[in-house]
2 protein chains.
Amino acid sequence: MKRENESSASRRFFLKGGALIAAAAASGSSAIAAKPENQAPNVPDWSKTLGDGVAVRAYGKPSKYEAHVVRRDVEWLTASRESSVSFTPLHEIEGPITPNSLCFERHHGGIAEIDPADHQLMIHGLVDKPLIYTLADLKRMPRVNRVYFAECAANSGMEWRGAQLNGCQYTHGMIHSLMYTGVPLKVLLEQAGLKNNAKWLLLEGADASGMTRSLPLAKALDDVLIAYKMNGEALRPENGYPMRAVIPGWEANMWVKWIRRIKVGDEPWHHREETSKYTDLLENGTARRFTYIMDAKSVITNPSPQAPLTHRKGFTVLSGIAWSGRGKVARVDISLDGGRNWRAARLDGPVWNKAVTRFYYEFDWDGSELLLQSRAQDDTGYVQPTKVALRKVRGVNSIYHNNGIQTWQVRPNGEVENVEVG
Amino acid sequence: MKRENESSASRRFFLKGGALIAAAAASGSSAIAAKPENQAPNVPDWSKTLGDGVAVRAYGKPSKYEAHVVRRDVEWLTASRESSVSFTPLHEIEGPITPNSLCFERHHGGIAEIDPADHQLMIHGLVDKPLIYTLADLKRMPRVNRVYFAECAANSGMEWRGAQLNGCQYTHGMIHSLMYTGVPLKVLLEQAGLKNNAKWLLLEGADASGMTRSLPLAKALDDVLIAYKMNGEALRPENGYPMRAVIPGWEANMWVKWIRRIKVGDEPWHHREETSKYTDLLENGTARRFTYIMDAKSVITNPSPQAPLTHRKGFTVLSGIAWSGRGKVARVDISLDGGRNWRAARLDGPVWNKAVTRFYYEFDWDGSELLLQSRAQDDTGYVQPTKVALRKVRGVNSIYHNNGIQTWQVRPNGEVENVEVG
């Protein structure tokens, strides 16, 4: 089926997209015959001189020409950088997996720099046998590799009251999607032995904020991991090194980093991060609580305000990401006119459960203004709502769980702006 | 099926592997009750003081405690580091995807440090319309995301004549497996328009060695990509930034990096890298040529000489990788006794076509000497051969295409050595 998709894209490219060939030919750059034969070819330095040898960079890093591809924070957003957030540069990356060095960060007490030799994970409370695990212990237990997205509940939170931030790095950049290696928490809990009245867990981090969240036992026994690798290498310090909780599909605040303790109890703890924070205040003055699941959502990453179109018309590729905390992405639709007409995007690469899925839409741009939107649907049938529909139900007091459809206005000069429609 | 595998692993863990609990209990570290109640808890610094804030490392890097996880070269192997190789630390990574910063390197003229604004890819020769593509041009064409392994034909080459190198980083580390984003070469060739007599391509790099290889057209039209991203971010300079060829399943020497030219012809060019190099001299004095495909192969990465077992008996996890240039890995078998008895390993995570697959084998180690082997089988039915069988057919003059079964001797003290059996 992927093969069909490729052919279909290729065919569409040739049917509709002769524009690229035409544009290239018009610019005089497409035919090598255009270069006067008596002109010496331009041989760049890198074709004439030896470069660095192997292992000069024993641990590699990007080209100096990619220095702009970094996480960024918004200084006015928080009082200090130790309790703040940085954003993934979604407009600079591709595929379904986020590079480790570019994953958004959210800390409550700064980055704990932990010596793994001095770190332990304790499981206690309503268990038959309290246990302490070192990292070496975890590596002696059955491990699995799974890709999951982690999205901060506050992702797109500033957009509740209208278009605020000009770039998908800021509107949607509190998400990453990584392949984790770890031990199913179920295995650890079974080893400790659960008491009959066990119903909830308290997860606690070893950082200076001592982050805690209550987790229903049923979720822990379903698909939660205690992970120690991300994308094949050790967790990064800012992502929980040496071990963290992975709570597939649920808000990232629950994915306790630097995890040091799991207490088994019979009811939730009602700590700060599930009472005064990470609850959704409705218009009627009551708050939604324990709203764990991140609903289906999508965004077009290219073009977007930080990544304008550099051509004026012709064959154009839209690239974007979609995800759902309830399962797999089933389809993504694209509108070029602010939601009036919709056409199916092409899903490409792996479509994993509760992970980011990459989509593309190729079309022949006539050079006129566009109002780009993407709309995700997951395999439960749930369809990503408009922001207008979301506000009708939830009001505008919320910060969390904004999964409304994003609109980018593309101008004839290729520039892109964050706008609201309807 | 993955779910079953997990349960099965978990069940096996509890049936056979109570040893871990017993060992942990015996060492006094498993029960928190073992800690005297009047002893103040050990609260480490990272739980008491604020750490670095967000975006202090705008482009992230590993913990300082992971500084040993690097590519390494072997100084006596080559005359210069500019025409040499560095090796992936396979024993330090997990899952099926290689982290970008740890991918093995093989250069013939050092690392070309290319400014993408000054780089072009030309397609010429037996085509209707010679074309030149910039990176921006490629990004306007239909793109796909695919995971493929790249293995140097010389990987394990020094082991032809017996066990030489003590660590899987050196015996098997000339492989990586990455998710590429790129344009199918087929799309570019169709745009240029192939002449009827077109049968071969010459691929040329922009580095100081001007690397060239001949590629059959049929392969180019099948699954070859011109890639510009690896694992979601721009190619690294040492891996071909800003664009490279991806030739799935075929020897990595053909995956021309820094690709600047594709000439279409009607026969191969017989350049250096396919005549004096990358051919296999047999016992009878003739040489196998154009031996592109990398056959099925596997290796146990943990334990291995650089990563000994740190326990003396009990529940033990073997981790390893398998791959085939002909398709998917169908199964991997494990021997603990040098090839006499075999048991099925558990494949975990994605099993992609022509990509690395991760496998595990969990067992209760009785503490006696082990002769560990892994044996891959691909979906064509091909089974990885022993080194003895391989030498019978190919002799010992070869450097390339050694896919023989690797043996690690594990001693009762946990140390591991590269040995030969049979």
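## Briefing: chains A and B, a predicted model

Residues 1-37 of chain A stay under 50 in pLDDT (the predictor's confidence in each residue, from 0 to 100). For that stretch the model has 53 contacts (heavy atoms within 4.5 Å) beyond four places in sequence. Where pLDDT is low, the predicted coordinates should not be read in detail. Chain A averages a pLDDT of 91, and 90% of the residues score at least 70. The model scores ipTM 0.92 and pTM 0.92.

This is a predicted model: local features need pLDDT of at least 70, side-chain atom pairs count only at pLDDT 80 or more, and totals for chains, interfaces and linings use all residues. Residues are numbered from 1 along each chain as its sequence is written, chains are lettered from A and ligands numbered from 1 in the order in which they are written, and side-chain values use heavy atoms, with hydrogens and water left out.

**Interface of chain A and chain B**

- Chain A brings 111 residues to the contact, and chain B brings 111 residues.
- About 9700 Å² is buried between the two chains (accessible area, 1.4 Å probe, that two parts lose on being put together, summed over both). Carbon and sulfur atoms give 58% of that area.
- On the chain A side, A:Trp46, A:Val54 and A:Arg140 lose the most area to chain B. Together they account for 10% of what that side buries.
- The interface has 44 residue pairs in polar contact, both at pLDDT 80 or more. A polar contact is a pair of N or O atoms within 3.5 Å; within protein, one must be able to donate a hydrogen and the other to accept it, and residues adjacent in sequence count only if both atoms are side-chain atoms.
- Helix H1 (residues 2-16) of chain A gives the largest share of the side that touches chain B, with 7 residues. Helices (H or I, at least four residues) and strands (E, at least two) are DSSP runs, numbered from the N terminus.
- The chain A side divides into 48 nonpolar, 26 polar and 37 charged residues. Here Ala, Val, Leu, Ile, Met, Phe, Trp, Tyr, Cys and Pro count as nonpolar, Asp, Glu, Lys and Arg as charged, and the others, Gly among them, as polar.

**Salt bridges**

- The structure holds 58 salt bridges over all chains (a side-chain nitrogen of Lys or Arg within 4 Å of a carboxyl oxygen of Asp or Glu).
- Between chain A and chain B the count is 6. One of these joins B:Arg143 to A:Glu94, at 2.5 Å from N to O.
- Within chain A, A:Glu204 pairs with A:Arg261, and their closest N and O atoms are 2.9 Å apart. This links distant parts of the chain: strand S8 (residues 200-205) holds A:Glu204, strand S13 (residues 259-265) holds A:Arg261, and the two are 57 residues apart.

**A sheet in chain A**

- An open sheet of 3 strands runs in the order S1-S2-S3, with antiparallel pairing (strands pair if DSSP finds at least two bridges between them).
- Its edge strands are S1 (72-73) and S3 (105-106), and each pairs on one side only.
- S1 pairs with S2 (residues 85-87) over 2 bridges. A:Arg72 has A:Phe87 in S2 as its bridge partner.

**Backbone geometry**

- Most residues other than glycine have a negative phi, and most peptide bonds are trans.
- A cis peptide bond joins A:Asn302 and A:Pro303, with omega about -5 degrees. A:Pro303 sits in the loop between strand S16 (297-302) and strand S17 (314-323) of chain A.
- In chain B, B:Asn302 and B:Pro303 are joined by a cis peptide bond, with omega about 0 degrees.
- A:His401 is not a glycine, yet its phi is positive, about 60 degrees. A:His401 falls in the loop between helix H7 (387-394) and strand S23 (407-410) of chain A.
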